[in-house]
Amino acid sequence: MVTMLTPKPKRIQEFKLPTGVLSAALSEDQDCVACACIDGVYLLKLDSGELKKLYQHGSYVSSIEWLSSEVIVSAGYDGDLCWFDVTKQEEIRRVHAHQFWSWDMALSSDRKRIATVTGQYIAGGYKYEPQSEREPSLCILDAISGKKLHELPHVPSVQAVAISPDNRLVSAANLMGEVRVYELGSGELVKQWTTSDFTSWGIIKSHSYLGGVFSMRFTPESDAVLLAGMGPMRDPMAGNGKQLWQKWSLSPESPELLDQTHEGQAGEGLMEALAVEASLPFFVMGGRLRGGDWNAAFFDLASGDRLTTLKTGYRITDARFHRGGDHFLLAGATSQGGLKKQGGFRDYGRVELYETVAEEPKE
Amino acid sequence: MTKRGCGSPEHTLHRRLFLQGGMAATASSVASFSGLFSIPAFAANAKASGKKVILLWLCGAPSQFETWDPKSGTETGGPFRSIPTALPGVHVSELMPRCATIMDKLAVIRSMKTGPSEHFQGIDALTRGDTPRPPFTRPILGSVIAEQLGDLDSPVPQFVLLDPCPEGNEFKSFKAGNWAGWLGAEYGPIRAGGDYSIPNLDKLETISDLDHEDRETLRQFLSRKYENDRRSEAAASYNAAFNRVRGLMSCAPLFDLEQLPKADRERYGRGAFSQHALQARHLIENGSTFVMVANGMPWDNHVFQHEMHQMLVPELDNVLYQLVTDLKDRDMLDDTLVIAMGEFGRTPWLNEARGRDHYPNAWSLAMAGGGIRGGVVHGATDSLGVEVVDGVADHRNLFSTIFSALGIDPHHEYELPGLPTFHRVEGKAVAIKELLV
């Protein structure tokens, strides 16, 4: 267990995968990584680098979690959730949770509940306001049986979901920056607010909405949520919005914006990953570098100050702490590149393992 | 085959009849444009006046993988699946379920291979039929069609561009001459839609109809005198513009989205592009010859490729379905060519932002009606959509096909005193015969 305040990340392993990695999770024994990739689910052995494709979804695989030391569950753009026994190498169950994509999936810390979010952005007004949902946007399932427990409403597209560390709340956020917080057990809506800071309406080029919240995590005390995405852009196709996080209080009074990316501490690019660890006083945000000099950074949970940065050379889609914060994992993708002369494409998926290497601050 | 306003009594009569009909419609605030033509003979005349075109201009360039040439399950296929269509063995993206049911009425070219890979050059090639040759400005397709098939005597604008946002695309800075080029400003578009609403078209209440006509007669006399005395092209352009405004005043209800039937508005969809596509149908029904519908430049998805295409393609799917079905139901499809295309396609491979970049080497477009044979898929790309392997066609072949379908000589030589030799389509490029009725 680390006891420090200042992270000094050191990369210890790096791997290339055939296609982009949209989510990755380290196994309990820390020997392998389950990777949700554009073309299927892979198991990556850390000691040998051996890579094995386990199975496929009908489309991109968007999220993956370990339910136990043997079983993983994945979600995909086919709307399916798939339970798979890694030891037996066999599929346990497949549940069609959504008609459209599962944009994101979260597993409760007690591994009893799964939350998955969906929603297709369809024009609902002259200025392309989103149409109301055609299916429930948030689905809560029993992680063991796969049974649907709650199907809860939101406004499409709902792109990020998180379950609080105390397993009491589930939160989901959408294209328009609307956040809805429900009781995980009852499905009762307890909080609802909108932040417009992650959403663009293209003054030039694209006269529609783009962006929204792309990642969400609760703070260790479950009393606030962190949101990540990209600030508004005049030209949404530029992808040059501010690398943005916001911290919102879940106090009994109305939700309150507590903090956000500090002035002068962000470049440009979509942020898609947040990682929070109960034992650590900081969090990680990662994504794409469009302008500036970093695409992953550590921020102090209390002050919001940026502590240290990384420039990985690829777009980060997932970030996770492991071993109580001793290690963290980044996953993502580079450009697919053109067709090679000999055929096929280069390996453009990335998984990297880092030591957090945190130190006490000097006097 | 140039057709210009002849000033015949018949046309004069029609204009007056139209004016009467237009005023009656405005006064009664009818919910449908059918009320605009209170004199049935006029509506019938508009319907029978020849071939028309609706160009759904997909500016920014849509992805062929997420529309007409899916490669699902391959390394380039993207996240969307393919679905079967009304044509056995032909699949399109799952984002196009409605068009899948009318593929027997659509013609798809899957083998477009064009040179320019940047927007300005691509837009030139695909809206004018050729790459730029400064300082000469080749007229845009709508101007050529308006000049060839339009009725300049009609108060209804012959070439209309419906595009809601001035900041939207490369057309922002276009002047009339940029559109019509050497054909002359009178063949440029009337630009309307959204932020381009046409203001101040109502005649002042303090001016009587008789007074209004007298003022117009005096203006025409003075302008023609000035034009004759000075041989002024500027005065001619000014007169052309004034005449168009005068025509617009009489058909202002055609540009009022609020007067479109509510059920039609719901059926076409609520986004600006959908609403303007419906408006395009009404304009065509009521006498316009060429209506170009754009919505800024939304298809240029270097980032958010799949997030944007999940919204844009279903909108296009519905708009194309509704247009083709409506035109068929109204017995207008044979005479109305509908084209849906952008300036190029998107790369088979994903960039670092998981977007698709510009790709002119192998891309797709769709057409229907107006002399184009339905139920044809022309050409093919390889298994990954990287290269055209059959039926390669470029912008010249496309324009040759469009002109041929409309009965316009594609290889006509322009009479341009003092200018080099230009043809409607250069290089004697041939039409794609299997697409022609």
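Ile54(B) touches Ala280(B), Ile284(B), Val291(B), Val293(B), Leu323(B), Thr336(B) and Val338(B), leaving aside residues up to four places away in sequence. Ile54(B) is also among the residues with the most contacts inside the largest nonpolar core, which has 114 residues. The model is predicted. The predictor gives the complex an ipTM of 0.95 and a pTM of 0.89.

**Nonpolar cores**
- Besides Ile54(B), the residues with the most contacts inside the largest core are Leu56(B), Val291(B), Val293(B), Leu320(B) and Ala340(B).
- Helix 11 of chain B, residues 305–329, supplies the largest share of this core, with eleven residues.

**Helix 10 of chain B**
- Helix 10 covers residues 272–285. At 1.5 Å a residue, its 14 residues should span 20 Å, and its end C-alpha atoms are 20 Å apart, which agrees.
- Of its 14 residues, 14 are buried, so helix 10 of chain B is largely enclosed by the rest of the structure.
- Gly287(B) follows helix 10 of chain B and has a positive phi, near 125 degrees.

**Helix 4 of chain B**
- Helix 4, residues 119–128, is mostly covered, with seven of its ten residues buried.
- The buried residues in helix 4 of chain B are Gly122(B), Ile123(B), Asp124(B), Ala125(B), Leu126(B), Thr127(B) and Arg128(B).
- These buried residues pack against helix 5 (141–149), strand 8 (336–341) and helix 12 (395–405) of chain B.
- Gly129(B) follows helix 4 of chain B, with a positive phi near 95 degrees.

**Chain A overall**
- Chain A has zero helices and 30 strands.
- Its radius of gyration is 19 Å, close to the 21 Å that the globule rule gives for 363 residues, so chain A is as compact as a globular protein of that length.
- The C-alpha trace of chain A spans about 55 × 50 × 50 Å along its principal axes.
- Buried residues account for 54% of the 363 residues in chain A.
- Of the contacts in chain A between residues at least 6 apart in sequence, 50% join residues at least 24 apart.

**Contact between the chains**
- The contact takes 34 residues from chain A and 36 residues from chain B.
- On the chain A side, these residues divide into 16 nonpolar, 15 polar and three charged.

**Backbone exceptions**
- Most residues other than glycine have a negative phi, and most peptide bonds are trans.
- Pro156(A) and Ser157(A) are joined by a cis peptide bond, with omega about -5 degrees. Ser157(A) sits in the loop between strand 13 (148–152) and strand 14 (158–163) of chain A.
- Pro134(B) and Pro135(B) are also joined by a cis peptide bond, with omega about 5 degrees. Pro135(B) sits in the loop between helix 4 and helix 5 of chain B.
- Lys205(A) is not a glycine, yet its phi is positive, about 70 degrees. It lies in the loop between strand 18 (199–201) and strand 19 (209–211) of chain A. Lys205(A) counts as buried, with 25 C-beta neighbours inside 10 Å.
- Lys428(B) is not a glycine either, and its phi is positive, about 50 degrees. It is found in the segment after helix 12 of chain B. Lys428(B) is exposed, with 10 other C-beta atoms within 10 Å.

**Confidence in chain B**
- The mean pLDDT of chain B is 83, and 74% of its residues reach 70 or more.
- Over residues 1–48 of chain B the pLDDT is below 50. This stretch has 53 contacts in the model beyond near neighbours in sequence.
- Where pLDDT is low, the predicted coordinates should not be read in detail.

Technical notes:
Residues are numbered from 1 along each chain as its sequence is written. Chains are lettered from A and ligands numbered from 1 in the order in which they are written. This is a predicted model: local features need pLDDT of at least 70, side-chain atom pairs count only at pLDDT 80 or more; totals for chains, interfaces and linings use all residues. Helices (H or I, at least four residues) and strands (E, at least two) are DSSP runs, numbered from the N terminus. The expected span of a helix is 1.5 Å times one less than its number of residues. A residue is buried if 20 or more other C-beta atoms lie within 10 Å of its own, exposed if 12 or fewer, and partly exposed in between; C-beta atoms are placed from the backbone. The radius of gyration is taken over C-alpha atoms; the globule rule is 2.2 Å times the number of residues to the power 0.38. Two residues are in contact if their C-beta atoms, placed from the backbone, lie within 7 Å. Ala, Val, Leu, Ile, Met, Phe, Trp, Tyr, Cys and Pro count as nonpolar, Asp, Glu, Lys and Arg as charged, and the others, Gly among them, as polar. A nonpolar core is a set of buried Ala, Val, Leu, Ile, Met, Phe, Trp, Tyr and Cys residues joined through C-beta atoms within 7 Å. pLDDT is the predictor's confidence in each residue, from 0 to 100.
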